Amino acid sequence: MVLLTLIAVITIAVIRVHNLFAVVVLFSAYSFLMASVMLVLDAPDVALTEAAVGAGISTVLLLGALHLTRTSETPPRFSNWLPLVVAGGIGAMLIWGTWEMPGFGLADTPVNTGVGSAYLERSYPETHVPNVVTAVLASYRGYDTLGEVTVVFVAAIGVLMLLRRPGEKED
Amino acid sequence: MRLDVVLRVISKLFIPFILIFALYVQFHGHYSPGGGFQAGVIFAAAIVLYAIIFGLDAAQRVMPPRLVEFMVPLGVLIFAGTGVASMILGAAYLDYDPLLPYAVDGQYWGILLVEFGVLVTVTGAMIAIFYAFAARGRT
């Protein structure tokens, strides 16, 4: 609860602050708090990823992008009301959607009765990998992970093509 | 090189440990949280830190841009190649059972190989994107 309150405070600060450098630093703090939330929810794999990617690499990349532009926000050209209504509406719909969700960690939910418990029972005898997350990601859901790696590959190629000027010598 | 001496000394001290920790997250991923993706990002973070503190040229002597860009598709090839290898050995794509005489060993080493592919691609992609930003800002 404390962590979520802090995240809410940071989000409001991100909206209020107009210096983009401060916004990047605030986003880094946001990611660290999000990683702490994941750790509290017993998801260390996700927490590790969030801390490394969200707080580490993406902060550096955003700073690199800031270096290429100006560090203060331009005043918006159009009124903010339509985006605010759209964002508020989607937020309200998401909250409405969570009302039907089962309580956190209940034993009789589909997550804990179906394929989840099958993974827990079968992954060690079949793969001898104690970390079920690794076994699921790399073996049972190998196709998904291959897709993710391909996404990273395509993203890297896309960024390189965007940023490298045409005709520039590759050194 | 008019940077703070504290930053330079501390980062010099830390970078080996960051690299080792990345390898630990990679190869201990079977037992503890972590895997190729996280390890790749941590590894890339070490190189990025080196580039920030000691300059882009110094970092590019350690990790040449050609090597980094070669790593990006190489990891995908390792991953997909593992799948093709298991197909050649007579199982379904990305089914690691036949890679070694015992199915359990096959799974174990198959996961290790695949995670290594993830590591290579993620490290390459992150460093390549950082190089692209940094090189662009320089001119």
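Where in chain A is the place of A:Asp42? Select it. A:Asp42 sits in the loop between α2 and α3 (44–68) of chain A. Helices here are DSSP runs of H or I with at least four residues, strands are runs of E with at least two, and both are numbered from the N terminus.

Before going on, note that this is a predicted model: local features need pLDDT of at least 70, side-chain atom pairs count only at pLDDT 80 or more, and totals for chains, interfaces and linings use all residues. Residues are numbered from 1 along each chain as its sequence is written, chains are lettered from A and ligands numbered from 1 in the order in which they are written, and side-chain values use heavy atoms, with hydrogens and water left out.

**Stop 1: the loop in chain A**

Stay on A:Asp42. Its phi is near 60°, a positive value in a residue other than glycine. A:Asp42 counts as exposed, at 68% relative accessibility. The cut-offs are under 20% relative accessible area for buried, over 50% for exposed, and partly exposed in between (1.4 Å probe, protein chains only).

**Stop 2: helix α2 of chain A**

Now select A:Ser31. This serine is in helix α2 (residues 20–40) of chain A. Is A:Ser31 buried or exposed? A:Ser31 is buried, because its relative accessible area is 7%. Show its contacts (heavy atoms within 4.5 Å). Leaving aside neighbours within four places in sequence, A:Ser31 is in contact with A:Glu50, A:Gly54 and A:Ala55.

Next, pick A:Ser28, also placed in helix α2 of chain A. At 13% relative accessibility, A:Ser28 counts as buried. Residues up to four places away in sequence aside, A:Ser28 touches A:Ala55 and A:Thr59.

**Stop 3: the domains of chain A**

Zoom out. Colour residues 1–74 as domain 1 and 107–171 as domain 2 of chain A. These bounds come from an automatic or database domain assignment. The C-alpha centres of domain 1 and domain 2 of chain A lie 23 Å apart.

**Stop 4: the interface**

Show both chains. How many residues does the contact take from chain A and from chain B? It takes 41 residues from chain A and 45 residues from chain B. In chain A, select A:Ile57, A:Leu146 and A:Leu163: they lose the most area to chain B, together 14% of what that side buries. The area buried between the chains is about 3900 Å², and carbon and sulfur atoms give 74% of it. Buried area is the accessible area (1.4 Å probe) that two parts lose on being put together, summed over both.

Look for salt bridges across the interface of chain A and chain B: the rule finds zero. That rule asks for a side-chain nitrogen of Lys or Arg within 4 Å of a carboxyl oxygen of Asp or Glu.

**Stop 5: chain B**

Chain B has five helices and zero strands. Its C-alpha atoms fill a box of roughly 60 × 30 × 20 Å along the principal axes. Of its 139 residues, 48% count as buried. Among contacts in chain B between residues at least 6 apart in sequence, 62% join residues at least 24 apart.

**Stop 6**

Select B:Asp4, in the segment before α1 of chain B. B:Asp4 is partly exposed, with a relative accessible area of 44%.

Finish on B:Val9, in helix α1 (residues 5–27) of chain B. B:Val9 is partly exposed, at a relative accessible area of 46%.
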